[in-house]
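Let's take a friendly look at how this chain packs.

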Amino acid sequence: IILSLYPVGTAFLNKISIKMNIQKSIMVWVALLLLASCSRNPVTGKKELMLMSEGQELALGKESDPSIVAEYGLYNNPSLQAFINEKGKEMAAISHRPNLPYDFKILDSPVVNAFAVPGGYVYFTRGIMGHFNNEAEFAGVLGHEIGHIAAKHSAKQYSQQMITQVLFIGGLLVSKDFRNFADVAQQGIGLLFLKFSRDHETESDKLGVEYSSKVGYDAHQMAGFFKTLKRLSGEDGNVPTFLSTHPDPGDRYVNVNQLATEAQKTMDPSTLKVNRNNYLRMIDGIIYGEDPKQGYVENNVFYHPELKFQFNVPATWKTLNSPSQLQMAPADGKALMVMELAEGSDLNAAKTKVIQDNKLTVLESTNINVNGLPAIALLSDIVPEQVQGQVADPPLKVLTYLILYNNLIYKFHGLSATADFNNYFSNFQSTMRSFRALTDQSKIDKQPTLIKIVESGKNATLQQLLSDNNMPQSKMNELSILNGMELDAMVERGTLFKVFAGQY
């Protein structure tokens, strides 16, 4: 499936009224149409209705970037960052919009994704960097994302008002009723999706082939990577993944291969680069999956080795961990728990700020003790604002715990619609009351799984080589996908391939 995702800053999201009724929406749409102007599409050359100027695109990208970095964090790998800077600038220079101030970043996320923001911001996660098996695969996806920017797909979607704010946790669509809760919205849980059409995706695929071919890469490798992504689509994981944020315009493997063959008719295919070994050596040692130092869930317990705390997570609930907060939700998406740091180290001051920021109507406030730690528990209502005499959202009820530990205040919120609150209260309370100091050294010392690049010493199947490297049977399918090969694929002696190192 294929469609680019644009997380944006809270400041921009707050400018979009999601409580606007139909009548007001029509009035705004008419006003925008009166102000609209036609501009020429850089790729097609056709004139199109645009409500976003290039200056506005640049401003949106500049505003969005800090929120995206705060949400995911940057992956600290100078050589890999230098690589995407070099390749990104090279490809941007031959694109249809070479004058944009492009910016390329690697996000510290295990999610397999790449996306672009208007104005020239392009992001790759370390998750997708670990799944590429050569430079040509990377170049094809890079070209696809630059293509979205070059063809002004995001600007078109703004012009068509295809804007939806949604909440995601661990692959679940969570109730939109939580989006106006300040301590949720301020941490970037709101994601702005620009729903690209299949035509947009097809166009970006064509541009990915065109751009990667122009800078000397074999675009057939781009087609091959879509096979890897297709295999990943059946795997559980956090969103946004590439295949959950890009709608599939059809049989991408076949279509991109055909495009690549057409592009190479005027080229000497033997001169086109793949650069498998160079790329694999570059990602040797990259972190695979969750980085334990940022916190991890194991057997329904969340551990944070650096801040040395732990608490229980309800069984079957999905989690989404970021540098700024941990989000948890049940399968029905009707409840949400959020844990993050509050400002300062004074419980009463933190309580006052939580009440003010979230416009809480406090029903109960109690000074309590949580496993020897001073804390405050609040039970509150949130009555939604009225829009032209009508209540836009159902009322929410919130359980809040503020816990003082090591001169930091940990803030928990458990919220749901008032009608559903009693169904989740025990989950909220059990999680919050389980917060305690982490003293188990084995949990503190947990190391990440790393991708290790090794060389085949013989002709053998991938499965035989993985077994020779002591990879467990339970990881065989995962490593097959990671290597972009089937387990029964024959691997020649001297070929580089991926295994796991560290704890896995």
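## About the model

This is a predicted model, where local features need pLDDT of at least 70, side-chain atom pairs count only at pLDDT 80 or more, and totals for chains, interfaces and linings use all residues. Residues are numbered from 1 along each chain as its sequence is written, and side-chain values use heavy atoms, leaving out hydrogens and water.

## Nonpolar cores

The largest nonpolar core holds 66 residues, and F124, I128, M129 and F132 have the most contacts inside it. Such a core is a set of buried Ala, Val, Leu, Ile, Met, Phe, Trp, Tyr and Cys residues joined through side-chain atoms within 4.5 Å, with buried meaning under 20% relative accessible area (1.4 Å probe, protein chains only). Helix α6 (residues 135-150) gives the largest share of this core, eight residues; helices are DSSP runs of H or I, at least four residues, numbered from the N terminus.

A second, separate core has 26 residues, including M328, A335, I403 and F421.

## Helix pairs

Helix α9 (residues 198-214) packs against helix α12 (residues 252-263) at about 40°, with axes 10 Å apart. The axes are lines fitted to C-alpha atoms over the stretch in contact, and angles run from 0 to 180 degrees between N-to-C directions.

Helix α10 (residues 220-232) and helix α18 (residues 476-483) cross at roughly 150°, their axes coming within 9 Å. That makes α10 roughly antiparallel to α18.

Definitions and conventions
Buried means under 20% relative accessible area, exposed over 50%, partly exposed in between (1.4 Å probe, protein chains only). Helices (H or I, at least four residues) and strands (E, at least two) are DSSP runs, numbered from the N terminus. Angles under 35 degrees count as roughly parallel, over 145 as roughly antiparallel, 65 to 115 as roughly perpendicular and the rest as oblique.
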